[in-house]
Amino acid sequence: MKKLLFFVLAFCLVLPLAAQRGKKKVSRHAAKMGFQQVEAFGMKYCKKKVGNWNDPLEKAAVIFFLHGAGERGSDNSRQLVHGAAQILRYCKETKMKALILFPQCPEGQQWVDVPWAETEHTMKPKPAAALSLALTVLDQECADRAVDKDRIYIVGLSMGGYGVWDVLSRYPNKFAGAIAVCGGADIKKADYIKFTPVLFYHGAKDNVVPVERGRKINEALKEQGATNFRYVELPNVGHISWNEAFRTRENWDWLFKQVKGERDVPKKHWGTR
């Protein structure tokens with residue numbers, strides 16, 4: 001009995017230490033990637049400038065990344081776990097000048113306040129609080145004169161994939177292009193979404209966000225006559241479809257070739273917060 005009690009107490013002491021070491025590892029990893037940790041408007045986010053920012057004639061692209069549910073918190077580093085390394089590698093290889101932004105959704109909140117297991121939802125009149133703050137941060141960062149307003153991109157996975165669809169539904173004249181992975185859209189907003197080029201992925205065996213989500217918005221965009229989108233369904237993949245999406249070099253090539261320019265977006269489609 002004493003031995004059993006000893007092992008139970010030892011386990012209780014070791015577990016928090018192991019978890020803490022895990023958090024420190026993530027934090028050190030973020031520091032190694034050279035991101036600046038910032039807080040503004042009550043939103044924590046990581047930012048990094050890559051490329052030659054000493055050339056005033058070259059404008060910078062902006063990459064706005066919405067993470068998944070597992071990266072929520074207040075450490076302002078965990079949101080870099082997925083996507084950041086691939087984006088940095090691409091920018092380094094292509095010598096692209098860019099401003100990279102990774103906001104962090106607080107624990108207990110969502111980029112979009114909808115149940116993930118449902119096969120459809122209706123978009124709420126206003127964006128969720130966390131998403132609204134993240135977009136405020138984006139607007140502030142994009143006020144920099146070095147930013148190319150025609151080359152602002154949004155990427156998101158899982159919970160962040162919902163965020164991408166929500167933003168494209170509200171602000172069809174804001175982003176040059178988008179990548180949404182295993183998220184869900186209000187398909188009734190396809191007539192808004194159709195204005196933005198979007199590449200979206202879903203695993204056929206996803207048991208977190210139903211694959212019907214990807215299939216339904218795919219059909220809805222077709223019905224709207226949209227041609228600037230591509231849906232990729234991975235037949236033998238579950239929820240973690242972002243690995244394939246982010247490691248595919250051609251996806252980043254496609255995204256960063258998109259330039260917003262002038263869009264014939266009717267005024268009824270102009271979003272406000």
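Q: Why is Met 43 called buried?
A: In this predicted model, the relative accessible area of Met 43 is 0%. Buried means under 20%. The value falls under that cut-off, so Met 43 counts as buried.

Q: Where does Met 43 lie, and which residues does Met 43 touch?
A: Met 43 lies in strand S2, residues 43–50. Leaving out residues up to four places away in sequence, Met 43 touches Val 38, Pro 103, Gln 104, Trp 111, Ala 130, Leu 133, Ala 134 and Val 137. A touch here is a pair of heavy atoms within 4.5 Å.

Q: What makes Lys 149 partly exposed?
A: Its relative accessible area is 40%. Buried needs under 20%, and exposed needs over 50%. The 40% of Lys 149 lies in between, so Lys 149 is partly exposed.

Q: Which strand holds Lys 149, and what does Lys 149 touch?
A: Lys 149 is in strand S5, residues 147–157. Not counting residues up to four places away in sequence, Lys 149 touches Cys 142, Asp 144 and Lys 260. Lys 149 and Val 62 are 87 residues apart along the chain, with C-alpha atoms separated by 8.4 Å.

Q: Why does Cys 142 count as buried?
A: Cys 142 has 6% relative accessibility. The cut-off for buried is under 20%. Cys 142 therefore counts as buried.

Q: Why does Cys 105 count as buried?
A: The relative accessibility of Cys 105 is 0%. That is under 20%, so Cys 105 counts as buried.

Q: How many disulfides does a search of the whole structure find?
A: The search finds zero. To count, a pair of cysteine sulfur atoms must be within 2.5 Å. A disulfide is a covalent bond between the sulfur atoms of two cysteines.

Q: Is Cys 182 buried or exposed?
A: Cys 182 has 0% relative accessibility. This is under 20%, so Cys 182 counts as buried.

Q: Why is Asn 76 counted as buried?
A: The relative accessibility of Asn 76 is 6%. Under 20% means buried, so Asn 76 counts as buried.

Q: Where is Gln 110, and what does Gln 110 touch?
A: Gln 110 is in the loop between strand S4 (98–103) and helix H3 (129–141). Beyond residues up to four places away in sequence, Gln 110 touches Arg 72, Cys 105, Trp 116, Ala 128, Ala 130 and Met 159. Gln 110 and Ala 69 are 41 residues apart in sequence and 7.5 Å apart in space, C-alpha to C-alpha.

Q: What makes H2 roughly perpendicular to H8?
A: Helix H2 (residues 84–94) and helix H8 (residues 249–257) pack at an angle of about 70 degrees, with axes 11 Å apart. Angles of 65 to 115 degrees count as roughly perpendicular, so H2 is roughly perpendicular to H8. H2 passes H8 in a right-handed crossing.

Q: Which residues make the contact between H2 and H8?
A: H2 gives Gln 86, Ile 87, Tyr 90, Glu 93 and Thr 94. H8 gives Arg 249, Trp 252, Asp 253 and Phe 256. By class, four are nonpolar, two polar and three charged.

Q: How many helices and strands does the chain have?
A: The chain has eight helices and eight strands. Of its 273 residues, 51% count as buried.

Methods: Residues are numbered from 1 along each chain as its sequence is written. This is a predicted model: local features need pLDDT of at least 70, side-chain atom pairs count only at pLDDT 80 or more; totals for chains, interfaces and linings use all residues. Side-chain values use heavy atoms; hydrogens and water are left out. Axes are lines fitted to C-alpha atoms, for helices over the stretch in contact, and angles run from 0 to 180 degrees between N-to-C directions. Helices (H or I, at least four residues) and strands (E, at least two) are DSSP runs, numbered from the N terminus. Angles under 35 degrees count as roughly parallel, over 145 as roughly antiparallel, 65 to 115 as roughly perpendicular and the rest as oblique. A crossing is left-handed if the near helix is turned anticlockwise from the far one by less than a right angle, and right-handed if clockwise. Ala, Val, Leu, Ile, Met, Phe, Trp, Tyr, Cys and Pro count as nonpolar, Asp, Glu, Lys and Arg as charged, and the others, Gly among them, as polar. Buried means under 20% relative accessible area, exposed over 50%, partly exposed in between (1.4 Å probe, protein chains only).
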